Amino acid sequence: LGLALYTGSLCAATSTAFLYHDYCVIGAGPSGLQVAYFLQQAGRDYIVFERSHAPGSFFALYPRHRKLISINKRYTGKSNSEFNLRHDWNSLLSHDSRLLFRRYSHDFFPNADAMVRYLEDFASLLKLRVQYNTAIIHVMLERDEQAWNGHYFLLTDQDRQNYKCSSLLVATGTWVPNVVNFPGSEYVEGYETVSINPEDFAGQTVLILGRGNSAFETAENILGVTNFIHMVSRSRVRLSWATHYVGDLRAINNGLLDTYQLKSLDGLLEGDLEDLAIVKDKKGKLHITLRFYLDNRNTSAGIDSITLPQDELDNFATRAPYDRVIRCLGWKFDFSIYNSSLRMMPGKGNKKKYPQIKPSYESRGTRGLFVLGTASHSVDFRKSAGGFIHGFRYTTRAVHRLLENRHHGVPWPSTVYPITQLTNSIIKRVNEASGLYQMFSVLADIILLRENATAFEYLEEYPVGVLAELEMQTGRKAPSGLFVIIMEYGRNFSGADKDVFYYNRAVGEAQHAWQSNFLHPVIYYYKRLPTEREMRLRPPDWPLPRPDAIHHIVEDFLTDWTAPNAHILPLRRFLENCLSTDLRNFFAESCFLFAFTRQKLPPFCRQGYMRTQGLLGSEGLRRHAVEAGLLEDYALADFLGDRAPDSHEGSQDQLLRDHAIPVRPLQHLVNAKDE
């Protein structure tokens, strides 16, 4: 008996033992693998829990008809890898060029099976620490003042194995189907189980509940074999080309809009699904009625005893019976595994399918709990791409950088440049940065000015929602003002009811840049860091508070903001006005003249000419400048040897032959003429 009691107590102790990791990641989908990559590159202690036997299990089933709506643009005409990611919506970020999605599919809209293979390779080739067949079924807190965040996270899997971690990263996505309960909802088939064989719908009449991409994807699959398809939802259809939100209806799935508007039997209806009811007749046909007709009635009593809308209104739109009703209402976050101690609360309104999180992607209820990937989309829902791979690969990197600063004292990566490189740095980023381009109005580049504006510090892709906390979140200081570079659409250009193809929809002149409609760079200038109160009270639909100065770079048809007059010159003058300095580049002769005629030299002369920096003079370089009209030809006689060798001009010629006259760099010659 004693031996049995000892053995039992030993087993109990073993079952309650906790396996510790600094970071626990729940879910090995795209966002879980992405944060695992960053943690591994930083050498952190982490583990990823995946309930399935392989990563990306969501894509093994969805989309049901296997065609992704994330584009795979293999050719852009450019070799810049950062720029090309702007048009690659499937690749995760890594140092391995083998792990670009274009190597896994040649299709513009790839098959979901290619995504499954890609995620498997991403995890295996990078040797990410993923523990498969481990379903986390319960998460709770354990208070401990010694822990990073004042508590540990305790996780339990399906085998009752326990884990303890200091930070919890939730990357489970939204996978629980949205279900609307109404009388007769038991007759409804779900998107997750309905047949994908079109022949199973031949000659049938179908009603689809929902109006998102899954609903239209289902309709597209059976459009050619059904009698007709009706689609009902509480809101009107929203087209992605009108809203500029990639989660709205995409053109690849909208064939039913043609058959509806061209009067080929199919149709769209608006109505609250909770007001509906379905009644089944003796022949198995499904009739649509309204809930209030069924008050105090039993739906199983038979259709003859139930009032239908057409009994009172003989042209009721859905009076024809249906053979099948299919639910395609999307998915929501699984809150069931989280103990109440974590205070994981759903959002409000149309964000209720997501957990409540801060703009830093940290839970509003629990410090140290971060939500990544699709489940974090409440930060930019219906605004940007944070719910999709081409968006959350960048927000996941931002979360990792926040964690590196908070827990390991590693400041946000930055680069310091002389102020003369300010214009060039901005132009380079707005023309190639993928994070700014995809997460417009959400992620921004931050330029922190050094004292006296002689230099600046450049931080890339920082979440603008926590701009007021920049010094705390990044470990960088902003004592002398800052610029914020962000991408935006026009204020009134996007919307379900907008005509985005109207005549004169684009702006082409720099003086009208503030009226630009299409995606374009916007630069905000602040003399000091905005406060949290200013962030809360910012104007509606503004990503940032009102700045001390603002500049729009005019939209460009080619998204190529390198035009000297339309893009670069207005930007440079804006920066000069903000800094009260001259950011032009000068030839050595101008700097030499300024040194004798001005009390304060332009930064380019101070940091270049006065430090004897620049290209050394030569006959070929001088001749090129003269032919380009950038230098006067007053010294031609000297170079041709017309002057006496012992003259004053001869000494200048000797200096030139000895390569002692610094001139400005060759790459700036085209724009070197003093404004």
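**Disulfide, sheet and salt bridges**

A disulfide joins Cys591 to Cys605, with an S to S distance of 2.0 Å. Cys591 belongs to helix 15 (residues 588–597) and Cys605 to helix 16 (residues 603–607); the two cysteines are 14 residues apart, and the pair links distant parts of the chain. The model is a predicted one, and it holds 1 disulfide. The torsion about the S-S bond of Cys591 and Cys605 is about -75°, so the disulfide is left-handed. Both Cys591 and Cys605 are buried. Cys165 is also buried, with a relative accessible area of 0%, and Cys328 counts as buried at 3% relative accessibility.

An open sheet is built from 6 strands in the order 17-19-18-20-21-22, and their pairing is antiparallel. Strand 17 (414–418) and strand 22 (549–552) form the edges, each pairing on one side only. From one strand to the next, the twist averages 20°. Strand 17 and strand 19 (residues 455–463) run antiparallel and are joined by 5 bridges; Tyr417 has Phe456, in strand 19, as its bridge partner. Helix 9 (residues 389–408) packs on the sheet, where it touches strand 18 (443–449) and strand 19, and its direction makes about 120° with that of strand 19. Helix 10 (residues 422–432) packs on the sheet as well, touching strand 17, strand 18, strand 19, strand 20 (482–488) and strand 21 (520–526). The direction of helix 10 makes about 20° with that of strand 19.

Side chains of opposite charge can pair when their charged atoms come close. The count of salt bridges comes to 22. One of them is formed by the side chains of Asp113 and Arg66 (2.8 Å, N to O). Asp113 lies in helix 5 (residues 112–125), whereas Arg66 lies in the loop between helix 3 (57–61) and helix 4 (81–84), so the pair ties together parts that are 47 residues apart in sequence. Asp113 is partly exposed, at 38% relative accessibility, while Arg66 is buried, at 15%.

A salt bridge also connects the side chains of Asp96 and Arg98 (2.6 Å, N to O). Here Asp96 is buried, with a relative accessible area of 12%, and Arg98 is partly exposed, at 47%. In the salt bridge between Asp248 and Arg238, the closest N and O atoms are 3.6 Å apart. Asp248 is in the loop between helix 7 (240–243) and helix 8 (255–261), and Arg238 is in the loop between strand 10 (228–233) and helix 7, so this pair ties together parts that are 10 residues apart in sequence. Salt bridges that share partners join Arg397, Arg429, Asp445, Glu460 and Glu461 into one network.

Definitions and conventions. Residues numbered from 1 in each chain as written. Predicted model: local features only at pLDDT ≥ 70, side-chain atom pairs only at ≥ 80, totals over all residues. Heavy atoms only, no water. Disulfide = S-S within 2.5 Å. Helix = DSSP H or I, 4+ residues; strand = E, 2+ residues; numbered from the N terminus. Buried < 20%, exposed > 50% of the residue type's maximum accessible area, 1.4 Å probe, protein only. Pairing = 2+ DSSP bridges. Axes fitted to C-alpha atoms, helices over the stretch in contact; angles between N-to-C directions. Contact = heavy atoms within 4.5 Å. Salt bridge = Lys/Arg side-chain N within 4 Å of Asp/Glu carboxyl O.
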